[in-house]
Amino acid sequence: MTGSLAAPPNLLPAEARAVDGAWKAWIDGAWRDGAGRLEVTDPADGSTVAHVAVAGSEQVDEAVAAAVRAFESGPWPRTSPQSRASALLRLADGLRRHGEELAVLDSRCNGMLLREAVAMARRCAASVEYSAGLPQRAYGQTIPVSPRYVDFTMREPVGVCALILPWNGPLIQAVWKMAPAIALGNTVVIKPSELTPLSALVLARIVDEAGVPPGVVNVVCGAGDVGAALVAHPGVDKIAFTGSTATGKRIMAAAADRIARVTLELGGKSPTVFFDDVDPAEAVAGAVTALMRNCGQTCIAGSRILVQRRLYEEFVERAVAAVGTLRVGRSSDERTQIGPIVSAAQLAKVQGYVRSATVAGAQVHGAQRLDHDPFAAGTFMAPGLITGADHQLPVSREEIFGPVGVVLPFDDEDEAVAIANDTSYGLAAGIWTTDGKRALRVARRIRAGTVWVNTYGWNFTEAPMGGFKQSGLGRENGDSAIAHYTEVKNVVLDTRADQPLDQFGLLR
């Protein structure tokens, strides 16, 4: 691994920087300055990584207008599926060439372990390659109707798509949305999180180098007001958002005004269910892995750990000991297992959940802010577990998004399912058992978009990802993207030349 966190890699041309060094926006195939500046900081020490141009209303309008022109009169939607596929394959090659450098940017901005960011960048290239095949699989149908008519469907791109990204997986979230969207002939405006905007800007350059025409991909940066301006923009036909359920609800409400298409990948409070026939050591390893990946800052984090009562005490003892051995440190250190939380605001939110659990009488094991050297300048927190909490407490019901989970006992299969489903979310779940029949029974009963059995967290490019209930609408990845980034058009042909349509006798 050659990446270093000493400074952001120089992946942009000179014209991509403003006079003061700030990274510009990418609009209509050119680098454009913005209405202000946004500081991007390293959560490990608070140091400045870069300054980025913030889009004002003018830049948002320009980006959407560029995407509209590229869709309505540009060559991209009318390019053959094979030509678009070829461009995406060139894009995948570019991601492979610059994968480690992109990983450094994401790791520096959000604290993700560098080795995990590198692995994620490699997955991005594979995801783009998969998306390159979507246009050839965007099949229509021939509908059996009266012999006089031929009735068939075709899929056409939706139009201009606003892609609003989270901070916890900036590059891969951009790719999961952008690659299928443009592969199917759409044009996009990407709005990355204000905490992690850099990899999206570099991605824009790689897209350009792959031969994608100007205006097809645009990137504007800023906070929630920029995202809100995109969502409300009349030129936007489709919105794809990953983030909190609260923000997703506001996006749905705004999109409803003009019936804009929406896909949402929102929050989760995912249960991991451990039956008492599993090996205790394997159970603990699975639970810790499901919860602590990326410092617990994933939408699928297994933050509700349900353990059958006969196994519960041994599990808690082993799990508390295991979590206590996890090494906290800088993301660039190969020995680090838990990096910093993304921001001071997010750290404060996590601390608030821990305090509320303590006040309610639960036992907190670990989960303290690390404010001594070498952690004092950053947003580091010791990972922890909470026991003795009722499953109605906020720590058991709300998304914490940090390295803290709650361990809850259950007596039998029915109670496990009841607790697992007692949530407004339904994104993911895990089941550990050696009983294959029980695994299938419980997987069918848990209301979640993805259920893993004796493993956790594997999201394959080929498979759909999304949630039930308030965890979202629609699916990302797999061929599900075809339905979300295309419209179905029905075409009916009359094959009878001797009986023209004349219901009102106009041809007599």
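Is Tyr485 buried or exposed? In this predicted model, Tyr485 is buried, with a relative accessible area of 4%.

**The setting of Tyr485**

- Tyr485 is placed in the loop that runs between α15 (480–484) and β20 (486–494).
- Leaving aside residues up to four places away in sequence, Tyr485 touches Glu156, Pro157, Val158, Cys161, Leu163, Lys177, Pro180, Ala181, Leu184, Asn186, Lys238 and Ala240.
- Between Tyr485 and Asp106 the separation is 379 residues in sequence and 27 Å in space, taken from C-alpha to C-alpha.

**Nonpolar cores**

- The largest nonpolar core has 127 residues, and Leu95, Met178 and Phe315 touch the most other members.
- Helix α5 (residues 170–183) gives the most to this core, contributing 10 residues.
- Apart from this core lies another, made up of 24 residues, including Val60, Ala162, Val231 and Leu266.
- Leu95 touches Leu102, Cys124, Ala125, Val128, Val175, Leu203 and Ile206, when residues up to four places away in sequence are not counted.
- As a general background, nonpolar side chains in soluble globular proteins tend to be buried together.

**Helices α2 and α5**

- Helix α2 (residues 81–97) packs with α5 at an angle of about 155°, and their axes are 10 Å apart.
- Because the angle is over 145 degrees, α2 is roughly antiparallel to α5.
- On the α2 side the contact is made by Arg84, Leu88, Leu91 and Leu95, and on the α5 side by Val175, Met178, Ala179, Ile182 and Ala183.
- By class, the residues of the contact of α2 with α5 comprise eight nonpolar, no polar and one charged.

**Helices α9 and α10**

- Helix α9 (residues 280–292) and helix α10 (residues 309–324) pack with their axes 9 Å apart, at an angle of about 55°.
- The two helices α9 and α10 are therefore oblique to each other.
- The crossing in which α9 passes α10 is right-handed.
- From α9, the residues Pro280, Ala281, Ala283, Val284, Ala287, Val288 and Met292 meet Leu311, Glu314, Phe315, Arg318, Ala319, Ala322 and Val323 of α10.
- The contact of α9 with α10 holds 12 nonpolar, no polar and two charged residues.

**Backbone features in loops**

- Asp373 and Pro374 are joined by a cis peptide bond, with omega at about 5°.
- Pro374 is found in the loop that connects β14 (363–366) and β15 (384–387).
- Cys295 is a residue other than glycine with a positive phi, near 60°.
- Cys295 sits in the loop between α9 and β13 (304–308), and at 4% relative accessibility Cys295 counts as buried.
- Lys469, also a residue other than glycine, has a positive phi near 50°.
- The loop between β18 (450–453) and β19 (472–473) holds Lys469, which is partly exposed with a relative accessible area of 33%.

Note on methods: Residues numbered from 1 in each chain as written. Predicted model: local features only at pLDDT ≥ 70, side-chain atom pairs only at ≥ 80, totals over all residues. Heavy atoms only, no water. Core = buried A, V, L, I, M, F, W, Y, C linked by side-chain atoms within 4.5 Å. Buried < 20%, exposed > 50% of the residue type's maximum accessible area, 1.4 Å probe, protein only. Helix = DSSP H or I, 4+ residues; strand = E, 2+ residues; numbered from the N terminus. Contact = heavy atoms within 4.5 Å. Axes fitted to C-alpha atoms, helices over the stretch in contact; angles between N-to-C directions. Parallel < 35°, antiparallel > 145°, perpendicular 65-115°, else oblique. Left-handed = near helix turned anticlockwise from the far one by under 90°. Nonpolar A, V, L, I, M, F, W, Y, C, P; charged D, E, K, R; others polar.
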